[in-house]
Amino acid sequence: MLTVDFDRLRVGRGTRFIDVGAGAGRHSFEALRRGADVTAFDMDEVELKGVDDMFGAMQLEGEVPPGGSGRVEVGTILDMPYEDGAFDVVLASEILEHVPEDVTAIRELTRILAPGGMLAVTVPRWLPEKICWALSDEYHANEGGHIRIYTADELRDKLELTGLTFLHQHHAHALHAPYWWIKCAVGVERDQHPLVRAYHQLLVWDMMKAPAATRLAEKALDPLIGKSVALYFTKPW
């Protein structure tokens, strides 16, 4: 389940790609399948162990084009151990809403991006997130949870202040918004609630089968209730 458009990011063989806040690695794996030189960066050492194991499995299964490589790095977005301009593509997906010092984090993302490179940032979209917050304090008021709700314009302004040039934005994952509204309404931890279980099964079926009907439905609904907003920037020479 990808939130960003890898074709728009021009990720291919030899692309120096970093997935900041990689989590379980879904975007890192896609970059590696395209033959990129991938760094999965996150604070969670346990999650990254699973990502590293999958990198190895992908190599063994022949899923990595020649020249592609994957590595993991534990660290904080506020002080990343890379030289200026170290990466051709920088991705920060669903991470900035967790970071109190988001301006510092944005400066770091810009710093490690090479001139002419591409940066993609995704965060929860304002309206679906507002509904979640209204329905449940448990959804966001916990350690490491969401501490702010961005508007797309606010996030764009913060990124452009670092000298980046805005290119494009879109929304994603409309079918996931109602799932989180249901969870917030019945209790975020109540995964066995009948409504939660039924909708989760629908999402799993959709991800596994990728039927044309739901693809068309999500494409139509994304501009209205897409759960995430993705913004794309480049760094001028």
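Which two side chains meet in a salt bridge at 3.0 Å, N to O? They are arginine 215 and aspartate 206. A salt bridge here is a side-chain nitrogen of Lys or Arg within 4 Å of a carboxyl oxygen of Asp or Glu.

Before going on, the ground rules. This is a predicted model, in which local features need pLDDT of at least 70 and side-chain atom pairs count only at pLDDT 80 or more, while totals for chains, interfaces and linings use all residues. Residues are numbered from 1 along each chain as its sequence is written, and side-chain values use heavy atoms, with hydrogens and water left out.

Back to that pair. Aspartate 206 is buried, at 6% relative accessible area, whereas arginine 215 is partly exposed at 32%. Buried means under 20% relative accessible area, exposed over 50%, and partly exposed in between, with a 1.4 Å probe and protein chains only.

The count comes to 17 salt bridges. Another one joins arginine 111 to aspartate 84, with the closest N and O atoms 2.9 Å apart. Arginine 111 sits in helix 3 and aspartate 84 in the loop between strand 3 and strand 4, so this pair ties together parts that are 27 residues apart in sequence. Helices (H or I, at least four residues) and strands (E, at least two) are DSSP runs, numbered from the N terminus. Aspartate 84 is exposed at 59%, and arginine 111 is partly exposed at 22%.

Glu30 brings us to helix 1, where it is one of the buried residues, along with His27, Ser28, Phe29, Ala31 and Leu32. Helix 1 covers residues 26–33, and six of its eight residues are buried, so it is largely enclosed by the rest of the structure. Those buried residues pack against strands 1, 2, 3 and 4 and helix 2. Just after the helix, glycine 35 takes a positive phi of about 90 degrees.

The largest nonpolar core has 28 residues, and Ile77, Val90, Leu96, Leu119 and Leu155 touch the most other members. Its largest share, four residues, comes from strand 5. A nonpolar core is a set of buried Ala, Val, Leu, Ile, Met, Phe, Trp, Tyr and Cys residues joined through side-chain atoms within 4.5 Å. Leaving aside neighbours within four places in sequence, isoleucine 77 has contacts (heavy atoms within 4.5 Å) that include Val20, Phe41, Leu96 and Leu109. Apart from this core lies another, of 23 residues, among them Ala22, Phe29, Phe55 and Val64.

Finally, the whole chain. The protein has eight helices and seven strands. Its radius of gyration, taken over C-alpha atoms, is 18 Å, close to the 18 Å that the globule rule (2.2 Å times the number of residues to the power 0.38) gives for 237 residues, so it is as compact as a globular protein of that length. The C-alpha trace spans about 50 × 45 × 35 Å along its principal axes, and 48% of the residues count as buried.
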